[in-house]
Amino acid sequence: MELVNALSTIATELATREAPESAAACLELTETLATAADMQESAMASFIGRVDAAGEQQRWGYPSTRAWLRSKLGMRESRAKERLTLARQRHRLPQVAKRLAAGDLSYGYATTVADAVARLDDTDCAQAESMLLEMADQGFSAGKVAAFGQRIRDVIAERDGTEEAPDEDSRHGYDKSWITTTRSLDGGRYIKGWLNPEDAAIWDGTLAPLAKPAGPEDRRDVSERTAAALSSVLSGGHKATKVTVICDLDTLTGGNAPARLTDGTPIPAAQARRIALAAGVSPLLLGRGNTPLYLGHRERFASAAQRQVLETLYPTCAVRECEIPGTLCEVDHVNGWALGKSPTDIDQLALTCGWHNRFKHTRPDQIHLTKDPDGRYVYRLLPPPDARRRTGGGPPDGTGPPDTTLSWAA
């Protein structure tokens, strides 16, 4: 921690200084700083790997390591995936790990190799590591190394008699939906594709109800439950489809104003009318400012009408850092129905993903509740109690996010 704090202090000082007037000096400084940053990535991969292996992020309210990287550290999905792949593969890549830590290999090459070997067995991984590092040493760009990594996977597929990957040079438009599948080495399939807005609405309406957690002990993540839902549909277990499209009456009767799905995705007016013709129409009355009207009931479970209202209010889980779509979430009694403090009324309900629903009710002291200007509940994650005792932190006294920064004494 002393080293990390010292590094933070130096970075703060460096960030506040003006760049030198000399462009040549800036070029040299950039190259030196980039090498130092790559070595920091080596340390970060080690830290992330330990967090991931121990599941420490769950104690802080994040269902997965990738969710923690995206939400707490503000990484985009691609960067979070990149860093997590390196953290998980570095023990299988001794040469990459050693050279990255020594500053002899850039972070870009290291993550390219890690991604290339992620689905290879240990024997093929070792051979691929040597070949890809040799290409890096010869001066090939990271993009060309990545392309060669794909070629290695293709050769392995040919060696094992599996189906070759589909032609990636083929380009599809956005008007038509398409799906391709590639057989993996163990007989499974990788699925890749695109759904236009109309088909995406049908996908969500069909799979979302089937992809909800089966109960409190269902520990599958969203991707696993979605795959199970798709399997159920393909095997004939699916019975009905529900698609919620929000639009003005004018749109439904021929206007051009776009509609939207419950997650905010815009739908062209013509497609909204086609969905309505195929699926039927049920009204959702909105008050001023597009606020759904009160539809409360004092029963244990929310009604279908209440859930429809909640899905318009919560495009994602009420936990500020969570990105799970509202259509895949559970209805949560904000103050806990079992305690008698929260009747099943629309203004006492919110949507939370299954993981955070369980987290909230098992660790209520790590959830801080507020309301935004539109009346939606906002759940904010707090550090574990032992971390707050070390730092003296606690729930915020206003509507701002809690301070979850840890500072350790040397």
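Analyst: E8 and E9 make a hairpin with five residues between them, and Gly-375 in the turn has a positive phi of about 90°. Strands (E, at least two residues) and helices (H or I, at least four) are DSSP runs, numbered from the N terminus. Before going on: this is a predicted model, where local features need pLDDT of at least 70 and side-chain atom pairs count only at pLDDT 80 or more, while totals for chains, interfaces and linings use all residues. Residues are numbered from 1 along each chain as its sequence is written, and side-chain values use heavy atoms, with hydrogens and water left out.

Strand E8 covers residues 367-371 and is joined to E9 by five bridges, the two running antiparallel; strands count as paired if DSSP finds at least two bridges between them. Ile-367, for instance, has Leu-381 in E9 as its bridge partner. Strands of a sheet pair through backbone hydrogen bonds, either parallel or antiparallel.

Now E9 itself, residues 377-381. Five of its five residues are buried, so the strand is largely enclosed by the rest of the structure. Buried here means under 20% relative accessible area, exposed means over 50%, and partly exposed is in between (1.4 Å probe, protein chains only). In a regular strand the side chains alternate between the two faces of the sheet. Both faces of E9 are covered: Tyr-377, Tyr-379 and Leu-381 are buried on one side, and Val-378 and Arg-380 are buried on the other.

Asp-332 sits in strand E6, residues 330-333, and counts as buried because its relative accessibility is 1%.

For another antiparallel case, look at the open sheet of three strands, ordered E3-E4-E5. Its edge strands are E3 (245-246) and E5 (266-267), each pairing on one side only. Two bridges join E3 to E4 (residues 259-261), and these two run antiparallel. Val-245 stands opposite Leu-261 in E4.
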